[in-house]
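Let's take a walk through this model together. Have the sequence and the 3D view open side by side as you read.

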Amino acid sequence: MASLRDTLSRTRNSVFSRIQTALGQSDITDETWEELEMLLLQADVGATTTEGLITRLRERARADGIVRADALRGALKRELKALLLSHPATHSFASNRMLEVIMMIGVNGSGKTTSIAKLCKLYKQRGRKVLLAAADTFRAAAVDQLQVWGERNGVDVITGPQAVDPGAVTHDAVMAAFARKADLLIVDTAGRLHTKHNLMQELVKIKNVLQRTVHEAPHQTLIVIDAANGQNAIAQAKGFAQAVGVTGAILTKLDGTPKGGVAFSIVSDLGIPILFVGTGEKIDDIEPFDADAFVEDLFEA
Ligand SMILES: Nc1nc2c(ncn2[C@@H]2O[C@H](COP(=O)(O)OP(=O)(O)O)[C@@H](O)[C@H]2O)c(=O)[nH]1
Ligand SMILES: [Mg+2]
């Protein structure tokens with residue numbers, strides 16, 4: 001199982017270690033701020049979030065009388081942690097609900113189905129009775145993929161014939177969840193249709209089915225974000241959030257990208273917590289997001 005520290009190595013080596021160097025043993029000059037800004041942008045922290053960070057850091061430096069660049073390191077770490085903790089993740093592995101429903105959304109290839117398999121195992125290990133709904137009916141392969149993961153996890157997957165209305169599959173899955181006394185239903189959805197508008201309409205339909213059939217559902221709507229998509233992913237996520245609302249994010253593929261700084265943009269620009277990070281392709285390659293460890297691992301030499 002890949003550790004978070006290993007996973008972040010590309011982001012750390014390509015950007016955050018250079019931030020350490022930029023905040024070296026010299027006095028703070030305009031160049032210090034410019035370089036810091038450039039590096040944060042390179043890590044896909046995003047323009048608005050970077051600007052906010054720099055402003056707060058400048059204020060802190062002024063207030064604390066910080067003149068040496070290396071003295072900014074601690075202040076920067078504190079600001080980054082505070083940013084992530086502004087929307088803290090709550091990991092409710094236990095639930096008092098008769099049936100909890102998680103709806104997974106995100107663009108094609110972001111890692112929805114893989115993340116569902118990983119979550120399925122995590123929740124099952126914690127004693128939950130999990131059922132999966134294959135509501136990505138657009139591609140037959142997507143249904144097969146979920147079924148394979150379901151079998152490996154010993155969990156039932158509710159499917160329909162191909163090209164069936166995903167709302168109908170969702171409805172069947174809810175009924176099956178009640179009948180089989182499952183206490184967690186995870187709904188897989190499509191990430192691409194003929195047009196984007198159709199996709200959003202389809203997601204709204206799935207959500208409506210859940211709202212009609214289960215009290216206060218969906219209890220979580222998680223957007224799966226491929227870290228390698230960087231700032232593009234933020235723009236896409238805004239579209240999803242507008243259509244169906246989003247309560248949290250799963251940040252995948254941190255292992256292969258220098259764009260891990262997008263985590264800060266997710267929390268700050270989208271205003272949602274990151275619940276889990278994907279650290280590889282295997283079933284155990286997932287970790288609950290820990291803001292403190294994330295920032296420490298980014299800077300650790
Ligand atoms: N390296 C890495 N690959 C991942 C991760 N999560 C998913 N993938 C890979 O990304 C590809 C697309 O994943 P999939 O779950 O099918 O995406 P979906 O279209 O959103 O359902 C697959 O090859 C996965 O193995 C991750 O955290 N790290
Ligand atoms: Mg999929």
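Which residues in H11 are buried? They are Val262, Ala263, Phe264, Ser265, Ile266, Val267, Ser268, Asp269 and Leu270, where buried means that 20 or more other C-beta atoms, placed from the backbone, lie within 10 Å of the residue's own. Helix H11 spans residues 262-270 and is mostly covered, with nine of its nine residues buried. Helices here are DSSP runs of H or I, at least four residues long, numbered from the N terminus.

A word on the model: it is predicted, so local features need pLDDT of at least 70 and side-chain atom pairs count only at pLDDT 80 or more, while totals for chains, interfaces and linings use all residues. Residues are numbered from 1 along each chain as its sequence is written, and chains are lettered from A and ligands numbered from 1 in the order in which they are written.

Now look for a partner of H11. Helix H4 (residues 47-64) packs against H11 at an angle of about 90°, and their axes, lines fitted to C-alpha atoms over the stretch in contact, are 9 Å apart. H4 is therefore roughly perpendicular to H11, a term for angles of 65 to 115 degrees. Thr48, Thr49 and Gly52 of H4 meet Phe264, Ser265, Ser268 and Asp269 of H11, contact being C-beta atoms, placed from the backbone, within 7 Å.

Finally, turn to ligand 1. Of the 19 residues around ligand 1, Gly111, Lys112, Thr113, Thr114 and Gly278 come nearest, a residue counting as near if its C-beta atom, placed from the backbone, lies within 6 Å. Helix H6 (residues 112-125) gives the largest share of this shell, three residues.

Conventions: Helix = DSSP H or I, 4+ residues; strand = E, 2+ residues; numbered from the N terminus. Buried ≥ 20, exposed ≤ 12 C-beta atoms within 10 Å, placed from the backbone. Axes fitted to C-alpha atoms, helices over the stretch in contact; angles between N-to-C directions. Parallel < 35°, antiparallel > 145°, perpendicular 65-115°, else oblique. Contact = placed C-beta atoms within 7 Å.
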